[in-house]
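Here are my notes on the structure. Please read them with the model open beside you.

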Amino acid sequence: MRFEIFTLFPNMFSGVFDDSILQRARESGRIEIFLHDIRAYARDRHHVTDETAYGGGGGMVMKPEPIFEAVETILGNEPARRPPLILLTPQGRVFNTDLAREFAQQPHLALLCGRYEGVDERVRALVTDEISIGDYVLTGGEIPAMVVVDAVSRFIPGVIGDPSAPHQDSHAAGLLEHPHYTRPLEFRGMRVPDILVSGHHAQIERWRRNESLKRTWERRPDLLPRAALSEDDKQFLRALGWRDEQ
Ligand code: SAM
């Protein structure tokens, strides 16, 4: 999968994509990340990319011309032949695991990072989607773009060593994941649950499922109405105080 990132601060991305899983994914060619400095497409002598807002008030607004120029140069002049172009904005659809999985189906995805008060409203004519990473405001779209690239990449086959992991992690099936333990068996008086060292795979699976249900019920009951629950799951949850219509 190929990502194109349009930003005023390409240096911010070094480090994040240069280590660990994303670095290996890049080295193996499973993902490619191209950074495009919007400033390089500002044609005036001083490479101006932002101006004060019409109507007054504080804050700067990103000018439309360098953004259109950058996108059209890199992605082409024909909108129908361009990959999806996502504007990162706190006003967009809130990003989640379903969107990450959906974006991972694309062979090519472009991300546009805003700064200051955001982009000139006319830039919305260029973008195909608007994504927020949560109901708070950051100083720029670069960290949101990193979040999207990371979460989407996990769904690309081969990026995560254990291919089942992205589909079992929290949120993948509408539940939080069960707890994990590793060596030592006992640490500062805290022991790994006996069931996990029992060797009974079916019972371990049931324990994990129940822990996952319990965690979700305790921490994020709002997720349960959308989770796929079996009759056993529902029975377990009812014993905890959950009611089907909740
Ligand atoms: N004035 C804008 C508003 O109130 O909607 C906020 C602008 S914010 C300070 C600057 C840039 O950061 C935005 O253009 C966007 O690209 C990015 N940004 C900030 N918060 C974000 C979020 N929660 N999700 C995605 N992008 C965000």
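1. A polar backbone atom of Thr89 lies 3.3 Å from a nitrogen atom of the ligand. At Gly114, a polar backbone atom is 2.9 Å from an oxygen atom of the ligand. The protein buries 85% of the 580 Å² that the ligand exposes when taken alone. A polar contact here is a pair of N or O atoms within 3.5 Å; within protein, one must be able to donate a hydrogen and the other to accept it, and residues adjacent in sequence count only if both atoms are side-chain atoms. Areas come from the Shrake-Rupley method with a 1.4 Å probe; for residues, only the protein chains shown count as cover.

2. This is a predicted model: local features need pLDDT of at least 70, side-chain atom pairs count only at pLDDT 80 or more, and totals for chains, interfaces and linings use all residues. Residues are numbered from 1 along each chain as its sequence is written, and side-chain values use heavy atoms, with hydrogens and water left out.

3. Which residues come nearest to the ligand? They are Leu88, Gln91, Gly114, Tyr136 and Leu138, out of 20 around it. Near means that a heavy atom of the residue lies within 4 Å. By class, this shell has 9 nonpolar, 9 polar and 2 charged residues. Asp, Glu, Lys and Arg count as charged; Ala, Val, Leu, Ile, Met, Phe, Trp, Tyr, Cys and Pro as nonpolar; the others, Gly among them, as polar.

4. Strand 5 (85–94) and strand 7 (129–132) each supply at least two shell residues. Strand 5 gives the most, with 4 residues. Overall, the chain has 7 helices and 9 strands. These are DSSP runs numbered from the N terminus: helices are H or I, at least four residues, and strands are E, at least two.

5. Two backbone details deserve a look. Arg183 and Pro184 are joined by a cis peptide bond, with omega about 5°. Pro184 sits in the loop between helix 5 (165–168) and strand 8 (186–187). Ser20 is not a glycine, yet its phi is positive, about 55°. Ser20 belongs to helix 1 (residues 20–27).

6. Last, the overall extent. Along the principal axes, the C-alpha atoms of the chain fill a box of roughly 70 × 40 × 40 Å.
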